[in-house]
Amino acid sequence: MEISGAELVIRLLERQGIEFICGIPGGSNLPIYDVLRDSSIKHILARHEQGAGFMSQGMARTTGKAAVCMATSGPGVTNLLTAIADASLDSIPIVAITGQVSASLIGTDAFQEVDTYGLSIPITKHNFLVQSAKDLLTVIPEAFRLAESGRPGPVVVDIPKNVQKEMVEFESYPEIGIKQPLPMCNEKYLEKAVAMISGARRPVIYAGGGIIAAGATDDLIRFAHKNSIPVVTTLMGLGAYPHGDPHYLGMLGMHGERATNMIMEEADLLIALGVRFDDRAVGKSCEFCKHADILHIDIDRSEIGKIKPSNFSIVGDVGHALKAFADRVEPSIRIGWSARVSSLRMLHPEILPDKEDFFHPMNLLRVTSESLSEQSIITTDVGQHQMWVAKGYPFKKPRTLLTSGGLGTMGFGLPNAIGAALANPDRRVVCVSGDGSILMNIQELATLAEHHLNVKVLIMNNNRLGLVRQQQAMFFEERYFASTFDSSPDFVAIAKGFGVPAFDLSEEENPSLFLRKLLGQDGPCVINIPIDFDNKVLPMVPPECANREMIGG
Amino acid sequence: MHNYGIDLLVRNHAGVMSQITGLFSRRNFNLEGIICGPVGKGDESRMILTVADDSKLEQIVLQLEKLYDVIEVKRVEDSPLTEVLAQL
Ligand SMILES: Cc1ncc(C[n+]2csc(CCOP(=O)(O)OP(=O)(O)O)c2C)c(N)n1
Ligand SMILES: [Mg+2]
């Protein structure tokens, strides 16, 4: 058969099982859009390419499958870069298909030409500049295979306009790109790891996003229960282990609970699973779990020893390792260690706000969680509100928290919520945002209104860049600068202007009941929630300090 | 001065050099010398790199191994490139 490069792209994406493409058209990708018009794939017209990128992330983060975003050359691409970098740091599989000026114009500073290839090298798992339409037959399936296999990540496919228009003849379609089976862990190593675990007196499991990527939650629970090992998770690992489980100690690190960081200080074995010893989690790395041996298991060999040397490591599927551990460790109640953990938790209880203080974010989040199910999806932006979600929302299932862990990108929440709602039409989605962050992708309220999705946006409004202000309060002797807004937008009026129903919680007579009611309804809405600007996220480990040096709480 | 050599076999295409040097700049690894040329039928290239400091060598090699365009990575003790570099 003979079809154009543009048509080939869309046919290959259809065969790949893609349901949605989020993007914005422009001069250099119009041939692809011309074919997309008649495709079974539904196009979601974002209002900014960063929004499109984050929508595809919302799909990928909730399903684990690679999702697609599109942008035109030049500014379309530069707008997309933040979302790609974000996917890269959190190992999220997305395939970004970008238009490029025709090959004959590349390098001439043509209209809307940027070096997409060069720009995307440091923020992708891999990137392609497609040289001919025939190459699409290998590149497109390969892009999906790469994005989903091993440690997932973003892939950019840059397609010059002449390649989109070029006719290509071929016999049959190639196989679609699928996720390769994960490499198994070495048997002998697993035996040794089990022996290490059995020999340890005070083990702690340090679980990260890798557990979620590997779908290994059930075996993690089985393992921790059978051998009575306390579990801490990273921000990316929230949901990998159920909140409320007696062995669960919550998130570790910069904004972890005091007891959690103290218990880790006493560990003699750290079982590090699908984690990368990020500085927000481990603090000053040479001081982290100083008295513990480290057993590190990860799919990515280059993470072993990158930040901290381990005593023993296994490169392979953490799901395979966890199944082996859960099957092979002897049941144990670890009476001494369990008692020590309990007493540290009693000695340093989590400091909770007064329950009567309804407008404290921790209380608002409690009410929110009570109105939703375990399967509801929470997205966040970046700031204090994000940390309150991480601390205060009882995540019980994997892939229910979507948050920008590695890049910490303000503007992440709303478009991710839209993507999550598109991919999960039967689930409720709540975006917990801040008054600073929401402005960074607020244009996507138009997309939300257009598709009338089940997304509720809660704006925790302290009229501040709260987390910045908190750092100025704690580490810069209260020299506040550039962290308070002199002008505060009327978010209710703005949301209504976009066609999204909106409310101000402070104006309601019974805010608790009203919030519960809204969260139970279908369709989108925006809820502005004024909160006290002096609230702090505590305890907090000062940047570059050891976790034991945490302040407050 | 002692130089540590890394011998790479890579896919040969226009962007491959940026992939390799991009890794070094992004990760703040110091690249001392580089020599490169096509081998075989021309669809592969050989690159010989030298780095002056071995403290990050292990991590450099592991990161290089992850690159899609890198087919093979070998560490070499006495890189012939050291002599070439000395004559520059
Ligand atoms: C794109 C981007 N720019 C700047 C920052 C730095 N930063 C981190 S938190 C924060 C404040 C966020 O304010 P808001 O969304 O209102 O959240 P709050 O802390 O008040 O809850 C800023 C500016 C960032 N994370 N992302
Ligand atoms: Mg704020």
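The second largest pocket of this predicted model is lined by 44 residues, and A:K125, A:R151, A:D300, B:Q63 and B:K66 sit nearest its centre. Here a pocket is an open set of points on a 1 Å grid over the protein atoms alone, where a 1.4 Å probe fits and protein lies on both sides within 12 Å along at least five of seven lines; lining residues have an atom within 4 Å of a point. By class, the lining splits into 17 nonpolar, 13 polar and 14 charged residues, with Asp, Glu, Lys and Arg as charged, Ala, Val, Leu, Ile, Met, Phe, Trp, Tyr, Cys and Pro as nonpolar, and the others, Gly among them, as polar.

A:D435 counts as buried because its relative accessibility is 4%, and A:R464 does so at 13%; buried means under 20% relative accessible area (1.4 Å probe, protein chains only).

As for conventions, residues are numbered from 1 along each chain as its sequence is written, while chains are lettered from A and ligands numbered from 1 in the order in which they are written. Local features need pLDDT of at least 70, side-chain atom pairs count only at pLDDT 80 or more, totals for chains, interfaces and linings use all residues, and side-chain values use heavy atoms, with hydrogens and water left out.

Notes:
Buried < 20%, exposed > 50% of the residue type's maximum accessible area, 1.4 Å probe, protein only.
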